[in-house]
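This report covers a few local features of one protein model. Please read it alongside the sequence and the structure.

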Amino acid sequence: MQGGGVSGFQNAPVTRALVLASGLLSIVFSANRRARALGLSYQDIIKNFRVWRIFASGFAFQSTPELMFGLYLLYYFRVFERQIGSNKYSVFSLFTITVSLLLEILSLVLLKDTNYISTLASGPYGLIFASFIPFFLDIPITSRFRIFGVNFSDKSFIYLAGLQLLLSSWKRSFIPGICGLIAGSLYRLNVLGVRRMKLPQIIAAFFTRFFASPSGSSSRPSRNLVGNMPSHTGRAVQNQPSTGFAPLVEPPESSIAMLVSMGFDSNAARQALVQARNDINVATNILLEAQSH
């Protein structure tokens with residue numbers, strides 16, 4: 001979503017549910033002055049077995065800055081739900097949140113006899129930092145620029161937001177962030193064949209029914225969208241007479257290959273990239289919109 005595209009939660013009902021759950025739980029605990037009671041600790045989880053702390057700490061943030069950066073990143077990463085579909089994104093979310101929480105509990109057990117840390121920061125750190133794995137590997141850099149002599153890309157500000165969240169509570173937030181990165185790596189490596197798993201259709205239908213945006217619904221990448229796209233190709237558009245607008249550049253093969261790897265038809269991918277002026281994220285949204293019509 002570097003350059004824009006479909007706004008809101010269109011084609012991202014699972015993300016919408018996660019953002020609402022995280023935001024509402026954070027507000028409720030804050031309003032009841034119980035935000036400080038959040039966070040995983042060895043005493044609460046292992047000795048007292050307060051299971052509700054695991055659920056609450058997996059979604060609710062403890063402070064306003066963490067809430068702002070966390071919800072922003074959750075909202076931004078909705079692009080992955082649009083790419084792989086809501087069902088598989090549900091599996092990704094469930095797997096990374098669960099594995100991350102288990103790793104956090106394991107870290108508390110290993111560090112219980114030290115003075116290094118007693119309580120971990122709460123919030124969906126697992127899902128957020130797991131999403132940085134596909135963000136780093138799959139989302140290409142589409143523009144670069146310099147600020148005060150320092151090189152940046154259109155991905156830099158997402159990394160900076162993630163770094164801010166990672167270090168927001170220092171050791172308390174650093175460990176959950178690292179656990180999230182490990183969980184995302186395990187999903188990427190297809191441990192236990194998790195990338196082939198799907199949730200029952202009734203669960204996917206629940207998210208679509210209650211959390212889908214009014215202007216669209218959850219979708220998955222289409223294998224053939226040519227019928228929904230304009231008939232011209234990128235090269236044909238490039239060779240059309242000038243109309244006063246900037247010339248359209250032929251889409252690079254690497255961008256076409258990435259869209260094809262997501263399941264889109266190569267011709268449709270090329271046409272979408274031409275229409276999006278080679279912004280791969282906007283092109284993805286164009287293809288998904290075309291499928292929903």
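## Annotated regions

UniProt positions are given in the numbering used here, feature names are shortened, and annotations may be inferred rather than shown by experiment. The model is predicted: local features need pLDDT of at least 70, side-chain atom pairs count only at pLDDT 80 or more, and totals for chains, interfaces and linings use all residues. Residues are numbered from 1 along each chain as its sequence is written, and side-chain values use heavy atoms, with hydrogens and water left out.

According to the unreviewed UniProt entry, the annotation "transmembrane region" covers residues 12-31, 51-77, 89-110, 116-136 and 173-191. Helices here are DSSP runs of H or I with at least four residues, strands are runs of E with at least two, and both are numbered from the N terminus. Residues 89-110 are 100% helix and 0% strand, with 31 Å between the end C-alpha atoms. For residues 116-136 the figures are 52% helix and 0% strand, with end C-alpha atoms 30 Å apart.

## Val194

Val194 lies in the loop that joins helix 10 (171-188) and helix 11 (201-211). Its relative accessible area is 3%, so Val194 is buried (under 20% relative accessible area; exposed is over 50%, partly exposed in between; 1.4 Å probe, protein chains only).

Leaving out residues up to four places away in sequence, Val194 touches Val91, Phe95 and Tyr187 (contact: heavy atoms within 4.5 Å). Phe92 is 102 residues from Val194 along the chain, and their C-alpha atoms are 8.1 Å apart.

## Helix 14

Helix 14 spans residues 266-275 and is mostly covered, with seven of its 10 residues buried. These are Ala268, Ala269, Arg270, Gln271, Ala272, Leu273 and Val274. Just after helix 14, Arg277 has a positive phi of about 55 degrees.
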